[in-house]
Amino acid sequence: MMFKVLPNFWTPVVSVGEIKDTPVAVELAGEKLVLFRNSCGEIGALLDKCPHRGVALSLGSVSDSGCLKCPYHGWQFDINGSCKQVPFNNPNDINLSKLSAVSLPTCIFGGLVWVFTGTDQKSEAQLPESLKQPKSSYYIHHEIWKVHWTRIIENAMDFVHLPFVHRNSFGGAIGKKALEANSVAEYQIEQTESSIKVFNRFDNIPSGFALEWYQPNLVVLKFDEMGIPVRVHLFAVPINEQQTQYILSILMLGEINEESKASIVDEFIKPVIEDKVVIESQLGEMPKINEECNVPTDKATLLFRRWYHQKVAVNY
């Protein structure tokens, strides 16, 4: 099975701005891909393996006609994987339709290039409206974490870690009040066919925090509902079973000057290391529900665990 870590889902892989005039090699869910732009600016994704002799196509170049040229024998492929040219062979002696590279569906949302992790696309990407703005509306941050992708999503859905992991940043003030008052966390959870909406609050603090998980690897953090003009889209994109690309697509809302934008982005990027240090200490994928101790404040993350082990891990 291809993409066994996350098969048959839409997921972002890189920011649109990273795909320029040279091929870009990426690893996604255990598979090596190459992304490139054709002469019309459209972006394609192929398995990074020439069908001729298995050479990495990412070592090649993009031709003037917008095709990806293999570095070994110069075969050329368009963004759909169709072979367009085989040098030094009489066109009448070959069937180009049988020489195609493996292509994957792509689309662009939220300033990111998305790839479907399968060759038989079964559905359109199910995305929140906040990811459908012009690409210039988003600030993109990404880094690599040495952890299974499920750990990052579970952490993003976990509200009660804030007073501890983020005690020296945004979780400190709220956490101190809640801990001193011996507060109890309250949750409102709503499930849809493809998402889980969660509203969290401590019972002694009027305001709360809303988030929404979208299958398979997106958590939308709704800071705008707390009066902060920002909506953060957090993606955990599996590179393989041990590494994950952590991506933030930050949407600025309303009229914000450039200086304020930079300050806001900085405030959201700084706490990332606080999560990273803790989450990278966890080993392997998140366990099944009955393999660890659980309490009522784990309800939202347990729903994610159940979904993952029923829909994804079962394919291993």
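## Strands, cores and pockets in a predicted model

Phe88 is exposed, with 88% relative accessible area (exposed is over 50%, buried under 20% and partly exposed in between, using a 1.4 Å probe and protein chains only). This is a predicted model, where local features need pLDDT of at least 70 and side-chain atom pairs count only at pLDDT 80 or more, while totals for chains, interfaces and linings use all residues. Residues are numbered from 1 along each chain as its sequence is written, and side-chain values use heavy atoms, with hydrogens and water left out.

Back to Phe88: it sits in the loop between β8 and β9. Helices (H or I, at least four residues) and strands (E, at least two) are DSSP runs, numbered from the N terminus. The phi of Phe88 is near 65°, which is a positive value in a residue other than glycine. Asn8 has a positive phi too, near 60°. You'll find Asn8 in the segment before β1 (10-15), and at 37% relative accessibility it counts as partly exposed.

Another backbone feature to look at is the cis peptide bond between Gln215 and Pro216, with omega about -5°. Pro216 belongs to the loop between β15 (209-214) and β16 (218-221).

**Strands and sheets**

Strands of a sheet pair through backbone hydrogen bonds, either parallel or antiparallel. Here, two strands pair if DSSP finds at least two bridges between them. β7 (residues 76-77) pairs with β8 over two bridges, in the antiparallel sense, and Phe77 stands opposite Cys83 in β8.

Now for β3 and β4. They pair in the antiparallel sense over five bridges, and Val34 stands opposite Leu46 in β4. Five residues separate the two strands of this hairpin, and Gly41 in the turn has a positive phi of about 90°. Strand β4 (residues 43-47) has five of its five residues buried, so the rest of the structure largely encloses it. Ile43, Ala45 and Leu47 point one way from β4, while Gly44 and Leu46 point the other way. β4 also runs antiparallel to strand β9 (residues 103-104), joined to it by two bridges; Ser103 in β9 is the bridge partner of Leu46.

Is Lys32 buried or exposed? Lys32, in strand β3 (residues 31-37), counts as exposed at 59% relative accessibility. Leaving aside residues up to four places away in sequence, Lys32 touches Val26, Glu27, Leu46, Leu47 and Asp48 (contact means heavy atoms within 4.5 Å). The C-alpha atoms of Lys32 and Ser58 are separated by 9.6 Å, though the two residues are 26 apart along the chain.

**The cores and helix α1**

A nonpolar core is a set of buried Ala, Val, Leu, Ile, Met, Phe, Trp, Tyr and Cys residues joined through side-chain atoms within 4.5 Å. The largest one has 79 residues, and Leu33, Leu35, Trp149 and Met157 touch the most other members. Apart from it lies another core of 15 residues, including Val34, Trp75, Phe77 and Ile79.

Trp149 is also one of the buried residues of α1. Eight of the eight residues in that helix (residues 149-156) are buried, so the rest of the structure largely encloses it. Beyond residues up to four places away in sequence, the contacts of Trp149 include Val5, Leu6, Pro216, Trp307 and Tyr308.

**The pockets**

A pocket is an open set of points on a 1 Å grid over the protein atoms alone, where a 1.4 Å probe fits, with protein on both sides within 12 Å along at least five of seven lines; lining residues have an atom within 4 Å of a point. Volume is the space filled by probe spheres set on the points, which are joined across faces, edges and corners.

| Pocket | Volume | Residues nearest the centre |
|---|---|---|
| Largest | about 750 Å³ | Leu162, Phe170, Phe209, Phe223, Phe268 |

The largest pocket is lined by 40 residues, and helix α4 (residues 258-269) gives the largest share, four residues.
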